[in-house]
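Student: Could you walk me through reading a helix pair and a sheet? I'd like the general idea each time, then the case at hand.

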Amino acid sequence: MATGILPASFAGVVKNKDNNGLSFIKSVDFVKVCDLPRINKSNKSKVLVVKNKASGSEIAEFQAASEGSPLLVPRQKYCESVQKTARRKTRTVMVGNVALGSEHPIRIQTMTTSDTKDVAATVEEVMRIADKGADLVRITVQGRKEADACFDIKNTLVQKNYNIPLVADIHFAPAIALRVAECFDKIRVNPGNFADRRAQFEQLEYTEDDYQKELEHIEKVFTPLVEKCKKYGRAMRIGTNHGSLSDRIMSYYGDSPRGMVESAFEFARICRKLDFHNFVFSMKASNPVVMVQAYRLLLAEMYVAGWDYPLHLGVTEAGEGEDGRMKSAIGIGTLLQDGLGDTIRVSLTEPPEEEIDPCRRLAELGTRAANLQLGVVPFEEKHRRYFDFQRRSGQLPVQKEGDEVDYRGVLHRDGSVLMSVSKEQLKTPELLYKSLAAKLVVGMPFKDLATVDSILLRELPPLEDIDARLALKRLIDVSMGVLTPLSEQLTKPLPNAVVLVNLKELSTGAYKLLPEGTRLAVSVRGDEPYEDLDILKDVDATMILHHLPTTEDKVSRVHAARRLFDYLEDNALNFPVIHHIEFPKGIHRDDLVIGAGSNAGTLLVDGLGDGLLLEAPEQDFDFLRNTSFNLLQGCRMRNTKTEYVSCPSCGRTLFDLQEISAEIREKTSHLPGVSIAIMGCIVNGPGEMADADFGYVGGAPGKIDLYVGKTVVKRAIEMERATDALIQLIKDHGRWVEPEVEE
């Protein structure tokens, strides 16, 4: 039996050497680790059991992050329940007169964009934000002049009877943090750059003594701020950013969620050592998948350590419009569905008051789910991967002997989009083809990069409607699936349609009235008794549609889907699963985007699902199609357009971010597979471009720096020609294509 030592908070990296022994990078508060001769029944892998001596009660189990991986991650819980939405219990943190924590409403906040030195403009902006209903407002404080202005901002707001708590955003400036702590209610520190230099992306070698000296330096720099916050009753956010981890952290842990957690824990341990507990955590990234993994890993370690600090949730640099709302819904909504999060911010490249409404909608969604304890009958979840993304890919349709058409395009390998089509739309075939984003050649449809893969037709046209049936035949001929209910297919058969059946129709054998070889799609709820689901073992289904009626208010679609996926995995059923969501009539567009991101996105970020079918009566068809593709791209699945990493602007921004962002998008939105970062400044370091191929960054007033990945390649370009220079840079790297001219 191998044994070793490990920090009590499990912040160190644990590696398994050759599956025989254990090695541990470093140790702080020691616990005993035992490599027990036990087998995890679900995946037959070795499991390590770790006892936390600090709390004396919690047991942590570690397993390989993925098959064959040397990195071991906690297996234990990251939320209160995997069977229902139950809000995680936290302590209360006071930010001025506003309480954060599980005993209080989910608080919403945003950040000013005005120059902090302009006291009047900042005060006006804060008042607009407060009038919109925000609970907190963050203000960037980068230097001494800004810190001095903060006193005037606070005093002016108080005189105008605005007592909304103010949060100072601090980077690289411990002295400024000390100054502003005397007047603002909360200090946000970035562990990646508060005491460390800006990352140069150098691989550094550390001895144990070297690393300890770095930690001592952090403690020396950070302690005065902690003491001042205690003295003045201030709160703090230890806010890690995926894009600004220090070279030291990245050398030890890589540019990873694990590094994000350890970076925050270094500062949290100092707070705890000084008996300061009025702080919250955040783990932000522009990639929702990374963001979710980082928060879950943070929580898993907090559960083991017995910590109960609240969480601030956010996807950084989410962008604008529906794209920004979708990314935020995926990241924030995923965590809210698991009862996690105590304050949220939706970071949009829009005026800050525009962030409040989507924030409120997300908070209401999370609050409702937690209050109703929405869930599913208890089940043992054995297969979902909490901490590392690994997609479950269903078996795509294959050709069979005797097939009259090609079914292989009915679903897409990177994620499928299905749309519900009405009989009325068949009356104008060319408009239908265009709305499905098909290419038209002499009026005939052909599939393109972002063409809908299959359609659902709830009512087939009459047999004598030759034009409508010809339109459907032309879609089927280009490998677009046409799904239709069993009752329709039996009475008005459409050649080569995919027939939609439910479990009752399978169990009664009604589907056997269809011609042999008919392709089936099966609609299931996910909460049925396992004996009802067992009939799936005897059916060769082309796909499964996971569908809960919109009237369902007792069962959580997320938890029902997780139960369904676990059942399929247990029984080696590799059917593709499409998330079918029907929204109620009259739903607001933002609620639809947030609902789709929070329900389907929550599953897709865990690799669970092969596509989407979103239905909403009276909603614009193009909007539903674009929302579906945006959701797949936001979950890092199917890439059908240019990806933008766009910061929300703040007092540091060196140009009109909204105007420039719109200009760049207008000229570059036709480049699927290309990612562009549009950043107002470089405060968080070039790591902010970690997810981008090219970067457009404010370097000085009126000047732009251009990046390729994390490397600056052109500096101080005049803003008037910077967009053209960006396009030329994309061309120089062979990533540019000319936009298509519509015929």
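Student: How are helix 8 and helix 9 oriented to each other, roughly parallel or roughly antiparallel?

Tutor: Keep in mind that this is a predicted model. The general idea is to look at the angle between the axes, where anything under 35 degrees counts as roughly parallel. Here the axes of helix 8 (residues 321-337) and helix 9 (residues 356-372) cross at roughly 25° and come within 10 Å, so the two helices run roughly parallel to each other. As for handedness, helix 8 passes helix 9 in a right-handed crossing.

Student: Which residues in helix 8 and helix 9 meet?

Tutor: From helix 8 you've got Arg325, Ser328, Ala329, Ile332, Gly333, Leu336 and Gln337. They meet Pro358, Leu362, Leu365, Gly366 and Ala369 in helix 9. Sort the residues of that contact and you get seven nonpolar, four polar and one charged.

Student: Now the sheet. What is the order of the five strands?

Tutor: Strands of a sheet pair through backbone hydrogen bonds, either parallel or antiparallel. In this case the sheet is open, the order is 28-29-30-31-32, and the pairing is mixed. On average, neighbouring strands are turned by 20° against each other, direction ignored.

Student: In which sense do strand 30 and strand 31 pair?

Tutor: Antiparallel: strand 30 (residues 694-700) and strand 31 (residues 703-708) pair over six bridges.

Definitions and conventions
Residues are numbered from 1 along each chain as its sequence is written. This is a predicted model: local features need pLDDT of at least 70, side-chain atom pairs count only at pLDDT 80 or more; totals for chains, interfaces and linings use all residues. Side-chain values use heavy atoms; hydrogens and water are left out. Axes are lines fitted to C-alpha atoms, for helices over the stretch in contact, and angles run from 0 to 180 degrees between N-to-C directions. Helices (H or I, at least four residues) and strands (E, at least two) are DSSP runs, numbered from the N terminus. Angles under 35 degrees count as roughly parallel, over 145 as roughly antiparallel, 65 to 115 as roughly perpendicular and the rest as oblique. A crossing is left-handed if the near helix is turned anticlockwise from the far one by less than a right angle, and right-handed if clockwise. Contact means heavy atoms within 4.5 Å. Ala, Val, Leu, Ile, Met, Phe, Trp, Tyr, Cys and Pro count as nonpolar, Asp, Glu, Lys and Arg as charged, and the others, Gly among them, as polar. Two strands pair if DSSP finds at least two bridges between them.
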